[in-house]
Amino acid sequence: MKGSAWRSPSLLAGAAITAVMVAVALLSLVWTPYRPTAMDFVHRLAPPSAVHPLGTDSFGRDVLSMIMAGAQSSLTVALIAVAVGAGLGIPLGALAAARAGLLDDLVMRGCDLAFAFPALLTAVMITALAGPGAGNAMLAIGIFNIPVFARVTRGAARGVWAREYVLAARAAGRGDAAISVVHVLPNIAAVLMVQATIQFALAIVADAGLSYVGLGVQPPQPSWGRMLNEAQTFIWRAPLLAIFPGLAIMLAVLGLNLLGDGLQDLLDPRLRRAR
Amino acid sequence: MLTVSDLSVTLPMAGVPVPVLSGVSLTLPRGGSVGLVGESGSGKSMTALAVMGLLPPGARTGGQIGFDGHDLLAAPEAALCALRGRRIGMVFQEPMTALDPLMRIGAQVAEPLRRHLGLSRAAAAARAAALLARVGLAPPRVTPDLYPHQLSGGQRQRVVIAAALACGPDLLIADEPTTALDVTVQAQVLDLLAALTAEAGMALLLITHDLAVVSETVEQVLVMYAGRVVESGSTAAVFARMAHPYTRALFAASPHAAVGDPAPIPGVMPDPRARPPGCAFAPRCARAGGECTRTVPPLLGTDAHRVACFHPHAAR
């Protein structure tokens, strides 16, 4: 198992890109080349140079510093959103799997209902109602993650419930809740981990989308989405202003997707053997 | 201690209720042993699941299952949970799948101890190690921190047995405990089961399709076919006579007991959705007469030996 991890290029590349992203985000908490909010009107829209490696924006802010700080806010929003989605979705899905029947139908039809709304539109609606800001963006993205986790958990958990060792646990006098925690969740953890990675990538895109339309992290705190928005005005004069945050989003999503794919490949033979 | 009387179970199949057990009765005294024998689909596992209260959802039951004064069919789920694993242990057919692949074997044996006896983690672990040693899984070859995939099939079945016996139950239900094992290991596991139950004064309900297995292990035998008991009695009496044609056919088909090559039973068991009106074995039976296809033969005889057949065999 350990050996095969090194033979999976997508896992390695994904893990490396994600690690760099996380490192950059963490670093931005203690150090950025310039203060990401510091304006320098003399050097507005400066091209990349030794002083400003990625240039400056229309307010003369250092783009590299903003991208670093943006990584931190994007990853934080995505992480908390996925935690909200997983934290509520996994128990719901596990409950639906454990109690087939009316409750199962209720949860699953609820998910269907949630899926009927386009995810980003729902998030826009929620932030429009609750007001813009990082907290509401996390909540909004988190809410549309709940049915995703609920459905994946239920599907995988039902497979485990059909196994004989669950019957054996019931024959040993275990209740449904204990079986869910002790036997079912550990056996579907791999599936959930892969799903969480992919949802993380989607949450980053959603966060960028929300902050692009001004519903995410509020100024002056930098975010990738708003950098894109602000770059629009100068797209012909300074196209790099749009390209750099775009690249950052693309890299973060690519890294997480590769990581998710790699994890799936790594965990799949084990799942196949257990089946 | 365990009294099953006139048990019937109906399961919904594609929405239609289908009888899978009818009129099953058995008595298992404390420390006694009963073998349930029959082909796949004869209802023997369903009987065990009914006793455990683990019938599939939608199952409808009739009759009574008395266990030490409790009616298990009427007992609430919480009462059954307290009974399962504590007073009734169960060993499953497939040791490959009856253990959680992600849990160390020691923890799996310790689980019921903590759940039912309220032992601390350390006390349960120590007890689990002792139980594993008792079923022949002792260090250095097998330690409690191994995972199921690191064990052979026979070793895993020993873990399942240790877990089932952990709380010292009064009744052990073993559902085809040796079917999935190598022939060389089967005898060892059966001997172990017999020794452990005798040692603890535990009652044993042994389910198998192999008549030869029960002949050496249990005191009483029930032969089941298509959800009904067709022959029952003390092992000695049933083996001495084998009055029901199905019992003889099953014996002849057993690889261990048959003289010469095992003879397969011609035909297949009738689909439970379309059982013939009379004796369910009649279509496969050489002795069947007109009444066999019209009326279900009643199970008649004494406690020592009963048979449900209009044309039973005389003594062998």
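1. Into which domains is chain B divided? In this predicted model, chain B comprises domain 1 (2–87 + 170–307) and domain 2 (99–166), with bounds that come from an automatic or database domain assignment. Local features need pLDDT of at least 70 and side-chain atom pairs count only at pLDDT 80 or more, while totals for chains, interfaces and linings use all residues. Residues are numbered from 1 along each chain as its sequence is written, chains are lettered from A in the order in which they are written, and side-chain values use heavy atoms, leaving out hydrogens and water.

2. Taken over C-alpha atoms, the centres of domain 1 and domain 2 of chain B are separated by 29 Å. To the contact (heavy atoms within 4.5 Å), domain 1 of chain B gives 16 residues and domain 2 of chain B gives twelve.

3. The two domains of chain B bury about 1200 Å² between them, with 67% coming from carbon and sulfur atoms; buried area here is the accessible area (1.4 Å probe) lost on putting the two parts together, summed over both. Of the area that domain 1 of chain B buries against domain 2 of chain B, 34% is supplied by Arg86(B), Leu192(B) and Leu196(B), more than by any other three residues.

4. One salt bridge is counted between domain 1 and domain 2 of chain B, the term requiring a side-chain nitrogen of Lys or Arg within 4 Å of a carboxyl oxygen of Asp or Glu. Arg134(B) forms a salt bridge with Glu199(B), where the closest N and O atoms are 2.7 Å apart.
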